[in-house]
Amino acid sequence: MNQPADFELDEGVLRFSGELTLACIGDLPQRLAALGEVPGRIDLEGVDRMDTVGAWLVHRIARENHIQVVGADDDVCQLIEQIGEADKPLKIRPDSSPPFLRVLREIGEGTDAAWRSLTGLVGFFGATLIGVWGLIAHPGRFRFNAMARQFEVVGVKALGIIGLMSFLIGIVIAQQGAVQLRQFGAEVFAVNLIGRITLRELGVLMTAIMVAGRSGSAFAAQLGSMKLAEEIDAMRTIGVSPMEALILPRVIATVVLMPLLGFYAAVIAIIGGGIFCWIDLDIPPITFIQRIQEVVPITDLWVGLIKAPVFGMLIALCGCYQGMQVEGNAEEVGLRTTASVVQAIFLVIVLDAVFAVFFSSIGWL
Amino acid sequence: MARLNIAEGETIIHVAGLRNAFGDQVVHDGLDLDVKRGEIIGVVGGSGTGKSVLMRSIIGLQMPVAGEVEVFGEPMIGRDEHEAKQVRKRWGVLFQGGALFSTLTVAENVQVPLREYYPQLDAALLDEIAAYKVAMSGLPPDAGPKYPSELSGGMRKRAGLARALALDPQLLFLDEPTAGLDPIGAAAFDTLIRSLQRTLGLTVFLITHDLDTLYAICDRVAVLADKRVIAVGTIPELLALDHVWIQEYFNGPRGRVAADAAERAGAAAKVKADLAQSGDDRG
């Protein structure tokens with residue numbers, strides 16, 4: 001039954017035969033295109049079956065050469081007629097431009113996007129501060145439940161992974177430090193290294209990276225999907241402020257939790273380093289703790305704890321801001337989520353450098 | 001020349017003893033339905049009676065707990081991927097929201113099934129096919145390079161229909177095609193489906209809440225209630241049945257308006273035909 005589509009040119013008459021359908025068409029279009037001669041008539045007598053693709057091919061030849069189609073029954077005539085009606089010039093692709101201009105335009109658009117993203121973030125920070133002020137003015141509007149939920153998601157559920165990460169980092173610092181310092185016979189100073197670097201830098205920094213990857217991305221994806229599903233518009237029309245209901249609980253939770261998580265990470269890293277020192281360097285835990293107290297100035301703790309909420313603020317702002325910028329399609333949610341993590345980690349590291357210079361210059365060495 | 005091998009009355013979709021359940025919630029229990037070749041069957045039912053779930057079971061997106069589903073005489077349950085693909089290319093599906101691929105343009109969306117199943121087609125022919133499919137489904141000429149997010153709901157449905165028709169399927173599944181369209185657009189959509197069904201010899205499985213669509217284009221209507229198909233037949237046949245839901249559905253205020261409209265349209269067509277007839281006589 002499924003006889004492949006075929007044609008022959010016989011004294012100016014183009015005779016089609018077989019099934020003129022998409023499934024049976026094979027290389028017919030190419031062969032038709034290679035046909036040098038202009039037929040005078042198209043004969044469909046031998047065609048068993050025809051679908052719109054077959055009708056289109058017949059219609060195209062008939063139109064290009066202004067020739068008649070014969071041997072078609074009513075249904076086929078109607079089909080070809082219908083296809084003829086649908087034969088309108090239609091743009092398939094957006095207009096393309098020369099590569100050089102395209103590169104220029106992409107650079108321009110990238111710069112513009114980066115600038116707008118930065119100003120947008122500053123604007124969003126302002127809006128958040130206004131939102132906080134609104135809460136201070138009307139404490140009744142504070143959404144305790146939403147924030148408790150965020151405390152759980154951002155903080156409690158992150159304890160495991162951040163603990164494990166910090167423990168391993170503590171061990172790595174101790175091990176690497178001991179190997180290097182042993183060359184000078186000074187491996188006992190590994191304790192200084194562990195205590196100072198975890199409390200001052202790594203505890204908070206690694207926690208910030210982990211929170212950005214865990215929670216910042218989640219904020220962007222959640223808010224982005226809600227934006228797509230018009231949930232945020234629905235909230236606004238009901239009179240619920242998305243700032244108060246969605247953004248502030250997330251921002252406040254992250255700001256409050258970052259110092260706690262950072263401190264927790266530092267403590268676990270010190271424990272990890274301590275265990276390594278006990279096993280590898282034969283420094284008993286009691287001595288280790290005593291040494292830590294002696295060599296780590298209290299300002300190191302303050303440095304870490306001051307940086308942490310700022311980093312938390314940045315991470316939450318980037319996540320929520322990018323989430324609220326989602327428009328259009330599902331791909332955008334993915335792009336914005338990635339952007340939120342990249343932006344957050346980048347800004348955290350930039351600010352960390354600024355803090356390092358600042359604390360050195362005020363004498364907290 | 002026999003264009004279509006229509007054996008009228010041949011069963012295209014055969015569903016027997018279908019049972020679907022989500023956890024404890026049973027959606028279908030002992031559901032039977034046969035769809036004949038070349039007909040437009042409308043599926044109606046209250047919200048939550050599992051109209052979409054029925055469609056998803058037939059097209060293999062929902063694994064039924066029990067029962068058999070055959071499409072084109074081929075069992076659909078437990079088939080391997082390759083065999084299922086051969087059946088899948090013979091049908092087209094229009095999902096409720098259009099379900100266009102959001103990262104592709106309308107024209108590219110239409111080309112996706114063509115590229116997937118017929119990689120040997122050259123790019124120029126693909127573009128031409130996409131162009132006439134888009135035009136046939138009633139979209140304006142500038143719609144081709146647009147992305148789904150730039151289209152209105154009605155245009156998305158039309159683009160979805162263009163994609164469903166891309167492979168020239170013999171069987172078309174439509175999930176609420178006219179929901180959310182304005183009355184003019186909905187009527188045009190009905191006409192479009194009807195004329196496509198006639199010229200292409202399509203079988204159409206149509207889920208709808210739109211009474212006008214039911215009256216205008218459906219050959220038969222299947223009513224879903226009590227977890228099964230309680231009745232299948234033409235609208236007059238259904239009206240003769242003594243079932244509370246059916247009576248309320250078709251004889252409610254909206255049902256009567258739709259019936260009147262269909263009657264008027266029928267009468268107008270008859271008058272037109274009579275006039276043409278008398279014109280011919282005089283000529």
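Which residue in S8(B) is the bridge partner of B:Gly42? Point 2 gives the reply.

1. This is a predicted model, in which local features need pLDDT of at least 70, side-chain atom pairs count only at pLDDT 80 or more, and totals for chains, interfaces and linings use all residues. Residues are numbered from 1 along each chain as its sequence is written, while chains are lettered from A and ligands numbered from 1 in the order in which they are written.

2. The bridge partner of B:Gly42 in S8(B) is B:Leu206. Strand S3 (residues 40-45) and strand S8 (residues 203-207) of chain B pair in the parallel sense over 4 bridges. Two strands pair if DSSP finds at least two bridges between them. Strands (E, at least two residues) and helices (H or I, at least four) are DSSP runs, numbered from the N terminus.

3. In chain B, 6 strands make an open sheet with mixed pairing, in the order S6-S7-S8-S3-S9-S10. Its edge strands, S6 (91-94) and S10 (228-233), each pair on one side only. From one strand to the next, the twist averages 15°.

4. Helix H1 (residues 51-58) of chain B lies across S3, S7 (171-175), S8 and S9 (220-225) of chain B, and runs at about 145° to S8(B). Axes are lines fitted to C-alpha atoms, for helices over the stretch in contact, and angles run from 0 to 180 degrees between N-to-C directions. Two residues are in contact if their C-beta atoms, placed from the backbone, lie within 7 Å.

5. Where the chains meet, 31 residues of chain B are in contact with 34 residues of chain A. On the chain B side, the elements giving two or more residues are helix H4 (123-136) and helix H6 (183-200). H4(B) gives the largest share, 10 residues. By class, this side of chain B has 18 nonpolar, 7 polar and 6 charged residues. Nonpolar means Ala, Val, Leu, Ile, Met, Phe, Trp, Tyr, Cys and Pro; charged means Asp, Glu, Lys and Arg; the others, Gly among them, are polar.

6. Chain A has 12 helices and 4 strands. Of its 365 residues, 36% are buried. A residue is buried if 20 or more other C-beta atoms lie within 10 Å of its own, exposed if 12 or fewer, and partly exposed in between.

7. A:Gly26 sits in the loop between strand S2 (13-20) and helix H1 (28-33) of chain A. A:Gly26 counts as partly exposed because it has 14 C-beta neighbours inside 10 Å. A:Pro4 is 22 residues from A:Gly26 in sequence, but their C-alpha atoms are 7.5 Å apart in space.
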